[in-house]
Amino acid sequence: MPRSVAHSSTPAKPRRLATAVALLCGLASSTAAFAEGKISIAQQFGIGYLLLHVVKDQHLIEKHAKANGLDDIEVEWRTISGATAMNEALLAGAIDVVSAGVPPMLTVWDRSLGKQNVKAVASLGSLPNYLLSNRAEVKTLQDLSERDRIAVPAAGVGFQSRTLQIETAKLYGNADFQHFDKISVSLPHPDATAALISGGSEITAHFSSPPFQYQALENPKVHKLISSYDILGGQSTFNVLYATQKFHDQNPKTYRAFYDALREAEQIVKADSGKAAETYIRVENSKLPLAFVKKIIDDPENDFTVSPQRTYIYAEKLHELGVLKNQAASWKDYFFEEAQAYPGS
């Protein structure tokens, strides 16, 4: 932003020195996020982030950092809605690790290849996302029209939109894969859920996620059109965590502590879904009944695992549609080596 500059009587040399100091301070500030022993993590809304809730609640990063010789690790947690904002924050160096759906991660992997080299840290679990409608006459995707508005967290670019584009390409051909983008609007899941249930707004459809889709389906006017599992052919990763190569390489102990914390969180959730449900409610300050949350965690469709499942379908299809310029040979091309030590796809 332009600003007025007052005349100064400061000699040129001191002025140049002051400028140099300011630049150094700015550089220090911009690289502070990469200091070993510090990590900032951003997440979005919903039970798809349960593993992070457990990590945060039980201070698992701090626990594993101490085991790795980092006694005073600093962990910062942030909440950001939408994949676009996540990717911008990551590339700007404002956040060390961000979370979003597989397609947004692949987009930034593609664009940063040979530069920041963004890669995935781990999966946060395989959970289906349901495309819902509150219009009785809408039974299938083909029934959606200009009358409808589909709510998604990040229109055109987020997990839900990219998943819908893959299905749309099957229905209308690759040339028209963005067929439904023109009736899609960006709206956080909580707001979209409220709009869909209440009716009376422009929102007549919502490509939702847990727990919001389960809440919406309790309303008799809301029904499911299709699931992300239907589109991808089975159980598949919803959200992933990702970071830059610089953060990964310059902070090996911090990164390892974070990855080990995630693996322990998976074990904790699978060992006791009741306690995991309590953790979700406590950390999210959720008003949902405990039994309702536990039922979601116990749903066999949902697998809270750090191992990626069917992520390569996105890499393959989005490259075919021209969304991704670079073609990955396998899922290991866009996951850091720590994750590659375990099964994935």
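**Close-up views of helix packing**

**View 1. Surroundings of the buried face of α3.** The buried residues of helix α3 pack against β1 (38–43), α2, β2 (74–79) and α11; contact means heavy atoms within 4.5 Å. Helices (H or I, at least four residues) and strands (E, at least two) are DSSP runs, numbered from the N terminus. The model is predicted: local features need pLDDT of at least 70, side-chain atom pairs count only at pLDDT 80 or more, and totals for chains, interfaces and linings use all residues. Residues are numbered from 1 along each chain as its sequence is written, and side-chain values use heavy atoms, leaving out hydrogens and water.

**View 2. Buried residues of α3.** Leu60, Ile61, His64 and Ala65 of α3 are buried (under 20% relative accessible area, with a 1.4 Å probe and protein chains only). Seen down the axis of α3, the buried residues fall within an arc of 135°, so they line one face of the helix; the arc is that of the directions from the helix axis to the C-beta atoms.

**View 3. Helices α2 and α12.** The axes of α2 (residues 50–57) and α12 (residues 273–284) come within 9 Å and cross at roughly 80°. Axes are lines fitted to C-alpha atoms, for helices over the stretch in contact, and angles run from 0 to 180 degrees between N-to-C directions. Helix α2 is therefore roughly perpendicular to α12 (65 to 115 degrees). Leu50, His53, Val54, Lys56 and Asp57 in α2 meet Ala276, Thr279, Tyr280, Arg282, Val283 and Glu284 in α12.

Technical notes:
Angles under 35 degrees count as roughly parallel, over 145 as roughly antiparallel, 65 to 115 as roughly perpendicular and the rest as oblique. Buried means under 20% relative accessible area, exposed over 50%, partly exposed in between (1.4 Å probe, protein chains only).
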